[in-house]
Amino acid sequence: MQAKIDDLICTPATYADSALYHRIFNSLRRDDPVHWVEPQDYRPFWLITKLEDIREVERQNDIFLNAGRPTLRSRTEEEKIRAVTGGKPDVFETILHMDGMDHRAHRAVAQSWFMPANLKKLEGAIAQVAREFVDRLERQGGTADFCEVVAARYPLRIIMTIFGVPPEDEDQMLYYSKMITAPTDDDVETTEPRNELRIRAAQGLFDYFRKLLADRRANPRDDLSSVIANAEVDGKPISELAALSYCVTIATAGHDTTSMTSSGGLLALVQHPEQMARLRADRSLMPGAIDEILRFVSPVKHMMREAKVDAIVRGKQIRAGDSLMLCFPSGNRDEDVFDNPHEFRIDRSPNRQIAFGSGVHSCLGLHLAKMEIRALYAELLDRVDRFELDGTPGFYKGFVVQGLKHLPIRYSMSKVTA
Ligand code: HEM
């Protein structure tokens with residue numbers, strides 16, 4: 001049984017079956033909350049399943065480091081990446097791969113850009129994009145795959161807007177970001193070995209952003225790519241690899257996460273019509289509803305850390321060099337933190353959800369993500385007066401960022417826009 005669970009944790013399809021996922025993690029939180037996983041084809045690691053333990057590991061960021069193994073990869077993929085990079089664990093050098101002062105200095109490059117005071121200037125533009133995507137839904141005439149028509153592209157359009165690049169480049173960006181976040185899914189068509197897709201996608205994105213950054217060095221504008229292109233770290237221009245990696249993280253971290261939260265939230269509301277009705281009737285419930293949607297959907301399934309020295313977590317001896325998988329969706333259903341954790345309640349209070357992680361690496365884009373979701377749901381609730389499921393939802397198979405890929409809906413819209 002132990003071997004079976006360990007292999008299921010590393011099987012992308014497990015995450016597409018939320019009943020199975022929660023069965024596994026409910027029993028782990030109860031019986032072995034810090035569990036040693038020895039799967040086939042993957043280096044072993046500790047599974048951290050309880051919310052307070054996840055917070056504690058993230059808080060001790062001088063002991064549990066990001067650099068060595070930021071996300072789960074098979075031994076084969078790790079070997080391929082090391083061969084391409086000359087021994088480094090990833091093709092990217094993003095802030096998710098950094099620790100200590102290096103992380104702090106690089107994170108600072110875009111940190112104030114992502115703070116609410118600066119994001120305020122984007123409110124109008126985001127509302128406009130939300131309107132355009134609900135117009136798309138209106139043109140479909142009453143039935144649509146919400147993922148295809150709205151969720152997959154809405155956050156991407158906003159990312160393109162903040163980078164200052166044209167919507168025509170969207171298809172290319174969508175393709176690469178899918179290969180990076182869900183290379184294990186059957187929908188990603190390829191004749192190449194799946195574990196090489198990420199490397200090729202990284203090369204494609206690097207070529208794209210290299211041209212963009214060169215342009216913004218020559219012609220700076222009021223956009224995020226200009227901030228990154230012209231950034232200084234410790235008094236010196238940011239390295240080309242760090243600048244390119246920054247763009248790639250924002251393009252990928254900011255896209256599927258928000259997309260899967262928007263679609264997963266709509267599915268939760270459709271499956272809980274009394275919650276949808278309450279939200280419709282009282283929009284002051286929106287901020288709490290968004291936190292509950294984030295808790296319930298939790299699109300980032302894990303991040304990894306590597307212990308620098310021996311340490312203890314919930315009584316278990318962690319050895320220097322061991323890696324730990326932080327399981328955010330499990331923390332978000334922790335019975336010790338949430339009453340009836342499997343219940344979806346938009347007025348849940350308090351709601352200490354951990355979908356954005358915590359500590360020094362907590363999501364840089366969390367305010368932007370919440371703004372996007374708020375704008376989209378406000379527009380949907382204003383214009384769509386009935387939603388129903390129109391078929392079976394389909395989920396991506398993946399263990400990093402994972403969620404809906406098809407959400408067939410039937411709906412009626414009351415107001416016709418000009
Ligand atoms: C609902 C949407 C989102 C969710 C659930 C989410 C979740 C996360 C999580 C779990 C982490 C890792 C935190 C940790 O290790 O403790 C993270 C990091 C990050 N996210 Fe997000 N994210 C979302 C949207 C965004 C957006 C819109 C952007 C930017 C446009 C973004 C940019 C980043 C960046 C740059 C990091 C790395 C931060 C660091 O290492 O210092 N994310 N996010």
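Trainee: How far is the polar side-chain atom of H103 from an oxygen atom of the ligand?

Mentor: Keep in mind that we're looking at a predicted model here. H103 is among the closest of the residues around the ligand. Two N or O atoms count as a polar contact within 3.5 Å. The polar side-chain atom of H103 makes that cut-off with a ligand oxygen, at 2.7 Å.

Trainee: Which protein atom is the donor to the iron atom of the ligand?

Mentor: Go to the loop between α18 (328-331) and α19 (366-383), where you'll find C363. This cysteine is also listed with E58, H103, R107 and H361 as the closest residues to the ligand. The iron has a single donor from the protein, 2.3 Å away, and that's C363 (SG).

Trainee: Which element gives the largest share of the shell around the ligand?

Mentor: The ligand has 30 residues around it, and by class they are 18 nonpolar, nine polar and three charged. The largest share is three residues, and it comes from α15.

Trainee: Are α17 and α19 roughly parallel or roughly perpendicular?

Mentor: Helix α17 covers residues 286-297, and its axis comes within 11 Å of the axis of α19. The two cross at roughly 115 degrees. That angle makes α17, relative to α19, roughly perpendicular.

Trainee: Is the crossing of α8 and α19 left-handed or right-handed?

Mentor: Helix α8 (residues 123-140) packs against α19 with the axes 9 Å apart. Their angle is about 45 degrees, so the pair is oblique. As for the hand, α17 crosses α19 in a right-handed way, and the crossing of α8 with α19 is right-handed.

Trainee: What is phi of D41 near?

Mentor: D41 belongs to the loop between β1 (34-37) and β2 (45-48). Its phi is positive, in a residue other than glycine. The value for D41 is near 70 degrees.

How values were computed:
Residues numbered from 1 in each chain as written. Predicted model: local features only at pLDDT ≥ 70, side-chain atom pairs only at ≥ 80, totals over all residues. Heavy atoms only, no water. Donors = N, O, S within 2.8 Å, 3.2 Å for Na, K, Ca; no water. Helix = DSSP H or I, 4+ residues; strand = E, 2+ residues; numbered from the N terminus. Near = heavy atom within 4 Å. Polar contact = N/O pair within 3.5 Å; in protein donor to acceptor, adjacent residues only side chain to side chain. Nonpolar A, V, L, I, M, F, W, Y, C, P; charged D, E, K, R; others polar. Axes fitted to C-alpha atoms, helices over the stretch in contact; angles between N-to-C directions. Parallel < 35°, antiparallel > 145°, perpendicular 65-115°, else oblique. Left-handed = near helix turned anticlockwise from the far one by under 90°.
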